[in-house]
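Open the model in your viewer and keep the selection tool at hand.

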Amino acid sequence: MTQTCPLCRSDQSQPFESLKAEGRTIEYRLCSRCGMVFQGEDWKKADLDQFYANDYRKLVEGEDQVSDKNRAIEETRARLLVSWLKAQGVQTVRRHMDIGASTGALINRSRREFGAQVLGVELSNSHRAFAETRGLRMLPSLDVLETQSEQRFDLISLIHVLEHLPEPVQTLSHLRERWLTSDGAFLLEVPNLYAHNSYEIAHLHAFSRHTLLETLRLAGYRVDALHVHGQPRSNVLGLYITVLARPATAPANQTVQPEGSVRLKRRLGMTKRRLLERLMPGQAWLPFPTLPNNEEK
Ligand SMILES: [Zn+2]
């Protein structure tokens with residue numbers, strides 16, 4: 001089987017690292033041409049859809065239903081993301097679509113703070129049902145979204161979602177062409193290959209700052225702001241990369257700029273992480289956030 005790089009489409013790649021999960025070994029590969037790290041498994045779309053509808057959340061949250069621990073992280077992350085957006089100058093949002101919306105934490109906050117009309121796309125049946133109890137409008141998949149006669153959105157977000165999508169460049173490109181307003185804001189967050197373990201059965205790609213920026217550039221975006229941070233889990237580890245992007249004004253040159261020394265950067269990054277964990281344990285990993293007692297839905 002040939003494994004094609006999701007970024008530059010080269011079929012030349014080498015084994016990178018592997019993950020043991022669910023009783024099997026999942027291999028991650030390093031593109032020999034551009035330095036992208038991606039999963040070597042050959043998922044079928046139907047299997048992925050079925051997996052996300054019923055099994056994925058159970059697997060990562062350890063239970064079938066919405067867990068308080070996961071909700072507390074999502075609520076905290078939503079609050080931080082909205083304040084980051086405001087700090088970047090995003091003051092008004094009329095229509096916000098969140099893809100991989102989970103329990104609806106981010107769109108709920110957007111509705112409250114910007115007065116935005118909101119829409120969530122979430123494949124997990126249990127999490128979508130939870131979001132609907134908050135009065136949030138939800139769709140079960142991107143396929144269903146395509147059958148809707150919706151207006152465009154001036155904010156689209158994918159928070160810890162891009163690493164799950166089989167064709168990240170094509171999906172981002174399509175969202176820009178079909179669903180984002182011409183000067184709309186695009187908010188993304190992914191795990192950072194150089195600080196976050198990054199591997200999980202459903203993580204098809206492991207982005208670095210470089211490969212994330214190239215993915216966005218190829219998909220026709222310009223990046224307005226980029227933030228490497230650990231919130232809400234860490235004060236010192238650069239676990240996540242958050243980006244605010246907008247549609248580019250000129251078409252992108254489709255030649256991918258390669259990233260070098262990926263193995264070395266991964267090794268150094270994870271060594272730095274272990275050092276910080278040892279030297280600053282209280283800052284490296286913060287206690288899990290908790291839900292407030294008098295939480296407003
Ligand atoms: Zn490549």
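Start with the largest nonpolar core of this predicted model. The core has 37 residues. Select Met-97, Ile-156, Leu-158, Leu-162, Phe-186, Leu-212 and Tyr-221, which have the most contacts inside it.

Centre on Leu-212. Which residues is Leu-212 in contact with, leaving aside neighbours within four places in sequence? Show Leu-162, Leu-188, Val-190, Phe-207, Ile-241 and Val-243.

Next, pick Val-90, Ala-105, Leu-136 and Leu-244. These belong to a second, separate core of 23 residues. In soluble globular proteins, nonpolar side chains tend to be buried together.

Move to the zinc ion. Select the SG atoms of Cys-5, Cys-8, Cys-31 and Cys-34: these are the protein donors, 2.3 Å from the metal. The site is tetrahedral, with angles of 101 to 114° among the four donor atoms. For four tetrahedral donors, the ideal angle is 109.5 degrees. Along the chain, the donors follow the spacing C-x2-C-x22-C-x2-C. Cys-5 lies in the segment before β1 (13-21), and Cys-34 in the loop between β2 (24-31) and β3 (37-39), so this pair ties together parts 29 residues apart in sequence. Both Cys-5 and Cys-34 are buried.

Finish at helix α1 (residues 45-61), where Asp-55 is found. Asp-55 is partly exposed, at a relative accessible area of 33%.

Terms used:
Residues are numbered from 1 along each chain as its sequence is written. This is a predicted model: local features need pLDDT of at least 70, side-chain atom pairs count only at pLDDT 80 or more; totals for chains, interfaces and linings use all residues. Side-chain values use heavy atoms; hydrogens and water are left out. Donors are N, O and S atoms within 2.8 Å of the metal (3.2 Å for Na, K and Ca); water is not among the atoms, so sites may look incomplete. Four donors count as tetrahedral if all angles lie between 85 and 135 degrees; four count as square planar and six as octahedral if opposite donors are over 155 degrees apart and all others between 65 and 115; anything else is irregular. Helices (H or I, at least four residues) and strands (E, at least two) are DSSP runs, numbered from the N terminus. Buried means under 20% relative accessible area, exposed over 50%, partly exposed in between (1.4 Å probe, protein chains only). A nonpolar core is a set of buried Ala, Val, Leu, Ile, Met, Phe, Trp, Tyr and Cys residues joined through side-chain atoms within 4.5 Å. Contact means heavy atoms within 4.5 Å.
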